[in-house]
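Welcome, and thanks for taking a look at this one. Here is a short briefing to read alongside the sequence and the model.

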Amino acid sequence: MKILMISQYFEPEPLARGIAFAKELQARGHSVEVLTGFPNYPGGKVYSGYRIRPWTRETIDGVALIRVALYPSHDGSFLKRVLTYASFALSASILGPFLVSSPEVIYVYAPIPGVGLPAMALSFLYRAPYVFDVQDLWPDTLTATGVVKSKWIVILAGLWCKLVYFFAKKVTVISPGFKARLIERRVPPNKIEVIYNWVDDTQVGLAEKDPELSRGLGLDGYFNVVFAGNLGAAQALDTVLNVAAHQLKRNPKIQFIFVGQGIERARLQKRALDEDLVNVKFINQMPLSEIKKVFALASVLLVHLKDTPLFKITIPSKTQAYLASGRPILMAVGGDCDEVMRRAQAGRICAPEDVGAMVKAIEAMALLPLDQREQLGKNGRLFYETELSLKVGTTRFEKLMKIFLFTF
């Protein structure tokens, strides 16, 4: 198959289905081309070595990329966010027809629904069906994060999503809860497929413990609770700082490590400094190939999201990265994430934004014998390999695209 991937984000930006997915499809004999933007996520600044131009071509690990212009921003301004999304959607829709090769199938990576515009435009132009891979549920995300107050914006976003789903040949979702929500919105059940996210198995996974790195990061001699990823409003990380403040008095050898960037990082750092939370450390964003070395040093890896109905049907991509790393996990999300943890038997579950519950869960894990904690990590790794890995997910997408290619 000749497959066009459309994604506003792509390597070197972090994303659930990127270069590893493209390479795996190519290894199976398919031709893959990627239409994307200039890398700026999550910091909103264009990455070193890139500058915004109308368009450019490059190749990463044998995968052909076409980058088109966008307005880079990822701060707290809703208008700037809209401009970022809209600028890519328009650039990809206007320039895409002149730049991409004629595809047979279009795969759309969709944490934001704006990518539906170039998907529909190129699908109609080339008579190629598209599969719309829903990574975040809109307009729910707008209200859950508190970014948007206007009901009219929420209504318009919902109507746009319905249009994109209508023209998609298939809609894939990352959790059973997403599927149930779309069925409630009258998307035909037979159009929706659940395909869990994965991580790049060559970048994220098992790693040996590095004593020198442990000493350099100040992790030696501590029970280290590690949170890695975007430090934003959706993660509700004030709860974790509240837990850290509580533990500083009870168990000063339990410390909390934040790895990553995001719009909340500066404020969280200031709060930790103002409150003299010496058991809290911040580490800058790292490449996936490096962050697994930090995962290997974690006593527990933490997943935490704001306590909202939307996030209870969300499975954040860090879940897969944590499982692949073979380390114990504390899951504080609820809903579908809890079900994954029960199946994986990879750690503990507690309610999100519940300081008392998190304190108890962390202390319980700290009291576990080391061999029992290590077994939790091994359980998670086995579950990832058999249920969530790149090869498992790619096989599901490949079958899906082959089926609807011949029925379009």
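Strand β6 pairs with strand β7 (residues 170–173) in the parallel sense over 4 bridges, and Asp133 has Thr172 in β7 as its bridge partner. Two strands are said to pair if DSSP finds at least two bridges between them, and the elements themselves are DSSP runs numbered from the N terminus: helices (H or I) of at least four residues and strands (E) of at least two. This is a predicted model, in which local features need pLDDT of at least 70 and side-chain atom pairs count only at pLDDT 80 or more, while totals for chains, interfaces and linings use all residues. Residues are numbered from 1 along each chain as its sequence is written, and side-chain values use heavy atoms, with hydrogens and water left out.

**The mixed sheet**

- β6 and β7 belong to an open sheet of 8 strands with mixed pairing, in the order β3-β4-β2-β1-β5-β6-β7-β8.
- The edges are held by β3 (55–60) and β8 (192–194); each has a single partner strand, so one side of each is left without a neighbour in the sheet.
- From one strand to the next, the twist averages 20° (axes are lines fitted to C-alpha atoms, for helices over the stretch in contact, and angles run from 0 to 180 degrees between N-to-C directions).
- In a regular strand, side chains alternate between the two faces of the sheet.

**Strand β1 and its partners**

- Of the 5 residues of β1, 4 are buried, so this strand is largely enclosed by the rest of the structure (buried means under 20% relative accessible area, exposed over 50% and partly exposed in between, with a 1.4 Å probe and protein chains only).
- β1 pairs with β2 in the parallel sense over 5 bridges, and Ile3 has Val32 in β2 as its bridge partner.
- β1 also pairs with β5 in the parallel sense, over 4 bridges, where Leu4 stands opposite Ile106.
- Together, β1, helix α1 (residues 19–27) and β2 form a right-handed β-α-β unit (right-handed if, with the strands pointing away from the viewer, the path from the first strand over the helix to the second runs clockwise).

**Helix α3 and Ser123**

- The buried residues of α3 are Gly116, Pro118, Ala119, Met120, Leu122 and Ser123.
- These buried residues pack against β1 (2–6), β2 (31–37), α2 (78–99), β5, β6 (130–134) and α5 (151–167).
- Ser123 lies in this helix, which spans residues 116–126, and is buried with a relative accessible area of 5%.
- Leaving aside neighbours within four places in sequence, Ser123 is in contact (heavy atoms within 4.5 Å) with Ile106, Ala128, Pro129 and Tyr130.
- The side chain of Ser123 reaches the backbone oxygen of Ala128 at 2.6 Å; a polar contact is a pair of N or O atoms within 3.5 Å, where within protein one must be able to donate a hydrogen and the other to accept it, and residues adjacent in sequence count only if both atoms are side-chain atoms.
- After α3 comes Arg127, with a positive phi near 50°.

**Nonpolar cores**

- The largest nonpolar core has 103 residues, and those with the most contacts inside it are Met5, Leu35, Tyr130, Phe132, Leu323 and Phe397 (a core is a set of buried Ala, Val, Leu, Ile, Met, Phe, Trp, Tyr and Cys residues joined through side-chain atoms within 4.5 Å).
- Strand β5 (residues 105–110) supplies the largest share of this core, 6 residues.
- A second, separate core of 29 residues includes Leu241, Phe282, Ala332 and Leu368.

**The parallel sheet and His304**

- An open sheet of 6 strands has parallel pairing and the order β11-β10-β9-β12-β13-β14.
- At its edges stand β11 (280–283) and β14 (347–349), each with a single partner strand, so one side of each is left without a neighbour in the sheet.
- Helix α8 (residues 238–250) lies across β10 (254–259), β11 and β12 (300–304), running at about 155° to β10.
- Helix α11 (residues 318–325) lies across β9 (223–228), β12 and β13, running at about 165° to β12.
- His304 is in strand β12 and is buried, with a relative accessible area of 1%.
- The side chain of His304 reaches the backbone oxygen of Gln235 at 2.8 Å, and a polar atom of that side chain lies 3.0 Å from the backbone nitrogen of Glu353.
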